[in-house]
Amino acid sequence: MKIQHALLHLYPRSWRERYEDEVLAMLEQRSLSFTDGVNLLFGALDAQLHPHLGTNGPLFLLTVPILAFAVFLGTTLFLEAIDHPGNNLSPVWQIFLHRGLFFGVLITAAIVSTGAVCFAVVRSEISEKLLRFAVLPFILATISMALILAATIIWGLGLRDGAPQLFAGNDGIVGTSTTGTWLSIVIVMAIATLLAVISLLRGLSARSALRTATA
Amino acid sequence: MDTFNLGRFSDPPILILASLAGSPKHGYAIMEDIEAFAGIHLGPGTLYGAIARLETQGLIEPLPAEERRRPYRLTASGVAFLQKQLTGLETFASMGLQRLASI
């Protein structure tokens, strides 16, 4: 029972005063499996993040994009700090650090942020009314994404015609080709916009089906 | 008993409320009951996280402890909430089945 006690000590004091005895009584009735141990560990994290359980939901996950952006910003500052002639890094390491780290952190931050927000929405106790309200900003955000995508395409094509020498250079992200960077940005934005449009259509369709079902 | 896995619709609070709809139960009995009727094992962290939330929201209430085990039962709000959720699911399921039948 030592491991059970140790795991329950990770819970907030108020939680333990209320539930510890009955949880221990329950755990005495069956052996603690590894998955149950991990489950208790996550439960402790949840309880620490929600000292007044039932009032907040997993909305703390909405801070993940901000934290991910902070990590990304820290990475770019780190890369800038080491980007000087006397850093004694071999060219291979330079490329690995600049391109690998930059894109690795960027992609990881994007995936983690998206996952955290999706999980927060799915598992949160946000009222249906508030979620319905979210459709309006979602429509605005999707339209904005489409407009920014169109503007980026027009800007890139304009640059190619107006200053082809700039477009053919290597002034893209972390010293990559300008054309390649522009194309990559356009492709990522196009995929993101497409996903947003699909999500919006699915959301509107589900809302309409639920309204019909509950009418 | 035949069971089926509720998959992503296995929301722990709903499972707990459905379990308590039968009779008041303590944590271990709730866990066993859910395993029996839904084929889902709720870990102790998930179970007590959901119990704490349901209690905070006034959907369940604790009864006097029996030794160290404390049973819970549905409140009037809990009954109304569960009724509403299950009715919604029933309506939704009927609509889906009707549409499937027309294929």
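Colleague: In which helix of chain A is A:Thr193 found?

Modeller: In this predicted model, A:Thr193 belongs to helix 9 of chain A, which covers residues 178–214.

Colleague: Why is A:Thr193 called buried?

Modeller: Its relative accessible area is 8%. The cut-off for buried is under 20%, and A:Thr193 therefore qualifies as buried.

Colleague: Which residues is A:Thr193 in contact with, leaving aside its neighbours within four places in sequence?

Modeller: They are A:Met145, A:Ala146 and A:Leu149.

Colleague: Why is A:Ala196 also described as buried?

Modeller: A:Ala196 is placed in helix 9 of chain A as well. A relative accessible area of 8% is computed for A:Ala196; the limit is under 20%, so the residue counts as buried.

Colleague: How do you know that the span of helix 7 of chain A agrees with expectation?

Modeller: Helix 7 runs through residues 135–162 and has 28 residues, so at 1.5 Å a residue it should span 40 Å. Its end C-alpha atoms are 40 Å apart, and the two values therefore agree. The buried residues of helix 7 are A:Val135, A:Thr142, A:Leu149, A:Thr152, A:Gly156 and A:Leu159.

Colleague: What span does helix 4 of chain A have, and what span is expected?

Modeller: Helix 4 holds 19 residues, 64–82, and reaches 27 Å from its first C-alpha to its last, close to the 27 Å expected at 1.5 Å a residue.

Colleague: Which residues of helix 4 of chain A are buried?

Modeller: The buried residues are A:Val64, A:Ala68, A:Phe72, A:Thr75, A:Leu79 and A:Ile82.

Colleague: How do you know where these residues sit around the axis of helix 4 of chain A?

Modeller: They cover an arc of only 95° around the axis, and therefore lie on the same side of helix 4 of chain A. The face turned away from that buried side carries exposed residues, namely A:Ile66, A:Leu67, A:Phe69, A:Leu77, A:Glu80 and A:Ala81.

Colleague: How many aromatic pairs are counted over all chains?

Modeller: The count comes to 6.

Colleague: Why is the pair of A:Tyr19 and B:Tyr48 called edge-to-face?

Modeller: The ring centres are 5.8 Å apart, and pairing requires centres within 6.5 Å. The planes stand at 65°, whereas edge-to-face applies over 60 degrees.

Colleague: Which residues have the most contacts inside the largest nonpolar core?

Modeller: They are B:Ile16, B:Leu47, B:Tyr48 and B:Ile51, in a core of 34 residues. The elements giving two or more residues to this core come from chain A, with helix 1 (2–8), helix 2 (13–28) and helix 3 (34–49), and from chain B, with helix 1 (12–22), helix 2 (27–38), helix 3 (44–56) and strand 2 (72–74). A second, separate core has 7 residues, including A:Leu149, A:Leu159, A:Ala163 and A:Trp182.

Colleague: What does B:Leu47 touch, not counting residues up to four places away in sequence?

Modeller: B:Leu47 touches A:Met26 in chain A, and B:Ile16, B:Gly27, B:Ile30, B:Met31 and B:Leu42 in chain B.

Colleague: How many helices and strands does chain A have, and how many does chain B have?

Modeller: Chain A has 9 helices and 0 strands. Chain B has 4 helices and 2 strands, and its elements run α-α-α-β-β-α from the N terminus on.

Colleague: What share of each chain is buried?

Modeller: In chain A, buried residues make up 30% of the 215 residues. In chain B, 38% of the 103 residues count as buried.

Definitions and conventions: Residues numbered from 1 in each chain as written. Chains lettered and ligands numbered in written order. Predicted model: local features only at pLDDT ≥ 70, side-chain atom pairs only at ≥ 80, totals over all residues. Heavy atoms only, no water. Core = buried A, V, L, I, M, F, W, Y, C linked by side-chain atoms within 4.5 Å. Buried < 20%, exposed > 50% of the residue type's maximum accessible area, 1.4 Å probe, protein only. Contact = heavy atoms within 4.5 Å. Expected span 1.5 Å × (residues − 1). Arc of directions from axis to C-beta. Phe/Tyr/Trp six-rings, centres within 6.5 Å; stacked < 30°, edge-to-face > 60°.
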